[in-house]
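Q: Hey, can you walk me through this one? I'd like to look at a few spots and ask as we go.

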Amino acid sequence: MIYDQLAKPMFMLCLRYLKNQEDAEDAFCVGFSKIFQNLNRFEYRNEGAFEAWAKKIMVNNCLMSLRQKARAPMMVEPKDDQATTECSALEKLSADELFNLILLLPEGYRTVFNMYEIEGYTHVEIAEKLNISIGTSKSQLNKAKSYLKKIINRTDQNDAKKII
């Protein structure tokens, strides 16, 4: 029952962080294994507490996967030819379109964007978890947002679906 309720949102979470389907599947399986192994450590606080607890395990597992692959997520800069002009069409996109655009972000941008904007971590928590400075976390978030805007606005709304 736990798996049936959480499988889809937890897999999508893994995919947002790891981008590659095989890596996301591995992190998803290991994450669920950790959830089930640590059920005795869960403390009920309110109705949403279990999902939040499981999500935290999955996020930590995805971050561990990134570290184990010897990637340096905060050192990645996008190629200049991938993004050009800036405008604000972000709110016109569907959730699926936005999800696919997030996958286009360089790994460091994507990691910080996911943690801050989607998971709700603070810059202090992100800096601690990723072993970076708070300023780097803030900078990566701003660059991620700018990069998303540039990707969206380099073509008109009809062509935006082509890049997705």
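Q: Which helix is His123 found in?
A: His123 sits in helix α6, which covers residues 123-130. Keep in mind that this is a predicted model.

Q: And is His123 buried or exposed?
A: His123 counts as buried, because its relative accessibility is 13% and the cut-off for buried is under 20%.

Q: Switching topic: where does Glu25 lie?
A: Glu25 is in helix α2, residues 21-37. Glu25 is partly exposed, with a relative accessible area of 34%.

Q: How far apart are Glu25 and Met12 in space?
A: Their C-alpha atoms are 9.8 Å apart, and in sequence Glu25 and Met12 are 13 residues apart.

Q: Now pockets. What volume does the second largest pocket have?
A: The second largest pocket comes out at about 160 Å³.

Q: Which residues line the second largest pocket?
A: The lining is made up of Arg41, Phe42, Glu43, Arg45, Ala49, Ala52, Trp53 and Lys56. Sorted by class, that gives four nonpolar and four charged residues, with no polar ones.

Terms used:
Residues are numbered from 1 along each chain as its sequence is written. This is a predicted model: local features need pLDDT of at least 70, side-chain atom pairs count only at pLDDT 80 or more; totals for chains, interfaces and linings use all residues. Side-chain values use heavy atoms; hydrogens and water are left out. On a 1 Å grid over the protein atoms alone, a cavity is a set of points where a 1.4 Å probe fits but cannot get out, and a pocket is an open set with protein on both sides within 12 Å along at least five of seven lines; lining residues have an atom within 4 Å of a point. Grid points are joined across faces, edges and corners, and a volume is the space filled by probe spheres set on the points. Ala, Val, Leu, Ile, Met, Phe, Trp, Tyr, Cys and Pro count as nonpolar, Asp, Glu, Lys and Arg as charged, and the others, Gly among them, as polar. Helices (H or I, at least four residues) and strands (E, at least two) are DSSP runs, numbered from the N terminus. Buried means under 20% relative accessible area, exposed over 50%, partly exposed in between (1.4 Å probe, protein chains only).
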